[in-house]
Amino acid sequence: MGLNFSPGLKGVLMICFRMSLPRTAFAAGAVDYLLKPLSDERVEACVQRLTSRLATVERAAPPVRRILARKSSTMVFLDIEDVLAFEASGRLTFVHHLDGVFEFDMSLKKAEEMLRGQVIRVHRSWVVRRQRVNELRRDGGELQLLVGPELLVPVSRDRARQVRQ
């Protein structure tokens with residue numbers, strides 16, 4: 001039996017009944033393991049170890065200052081301070097920047113993770129930089145954000161309360 005792990009995992013916990021599996025798991029990057037039968041003390045210690053490890057990993061991530069995007073066949077570095085929003089359209093993601101609109105090779109979810117705390121999801125297809133939001137408008141029955149000097153971004157009904165806060 002082989003063990004496969006996603007490369008994006010930040011912590012792996014193995015619960016097993018054979019001693020040979022934890023060795024394989026540690027070789028693949030596991031943080032801890034629990035052997036059955038489980039004891040409350042061992043589970044608590046394991047949870048504390050995983051929590052501590054995840055906090056350390058998140059603190060260690062350097063802040064993102066620039067992102068790589070594409071305009072035609074040219075790759076460009078964009079300062080994150082000048083990013084207005086990210087938009088998903090079909091299978092593509094675009095970054096709206098003060099210098100224009102560029103293709104972006106990450107999903108909206110990845111952009112949210114990369115810029116945690118700096119962005120807010122306002123629609124299933126839009127993530128905006130909090131610092132760049134200028135106005136919340138109502139156009140008929142639809143809510144929109146004015147982001148930067150002229151970008152109008154729709155706000156979905158289910159996210160309107162979060163945006164107002």
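**Ground rules.** I am working with a predicted model, where local features need pLDDT of at least 70, side-chain atom pairs count only at pLDDT 80 or more, and totals for chains, interfaces and linings use all residues. Residues are numbered from 1 along each chain as its sequence is written, and side-chain values use heavy atoms, without hydrogens and water.

**Whole chain.** I looked up the secondary structure and found 4 helices and 12 strands. These are DSSP runs numbered from the N terminus: helices are H or I with at least four residues, strands are E with at least two. Of the 165 residues in the chain, 32% are buried. Buried means under 20% relative accessible area, exposed means over 50%, and partly exposed lies in between (1.4 Å probe, protein chains only).

**Aspartate 105.** I found this residue in the loop between strand S7 (100–104) and helix H3 (108–114). Is aspartate 105 buried or exposed? It is exposed, because its relative accessible area is 54%. Leaving out residues up to four places away in sequence, aspartate 105 touches Arg70 and Met75. A contact means heavy atoms within 4.5 Å.

**The link to arginine 70.** Aspartate 105 and arginine 70 are 35 residues apart along the chain, yet their C-alpha atoms are separated by 8.2 Å. Their side chains are joined by a polar contact of 2.7 Å. A polar contact is a pair of N or O atoms within 3.5 Å; within protein, one must be able to donate a hydrogen and the other to accept it, and residues adjacent in sequence count only if both atoms are side-chain atoms.

**Serine 72.** I placed serine 72 in the loop between strand S3 (66–71) and strand S4 (74–79). Serine 72 is not a glycine, but has a positive phi of about 60°. Serine 72 is exposed, with a relative accessible area of 66%.
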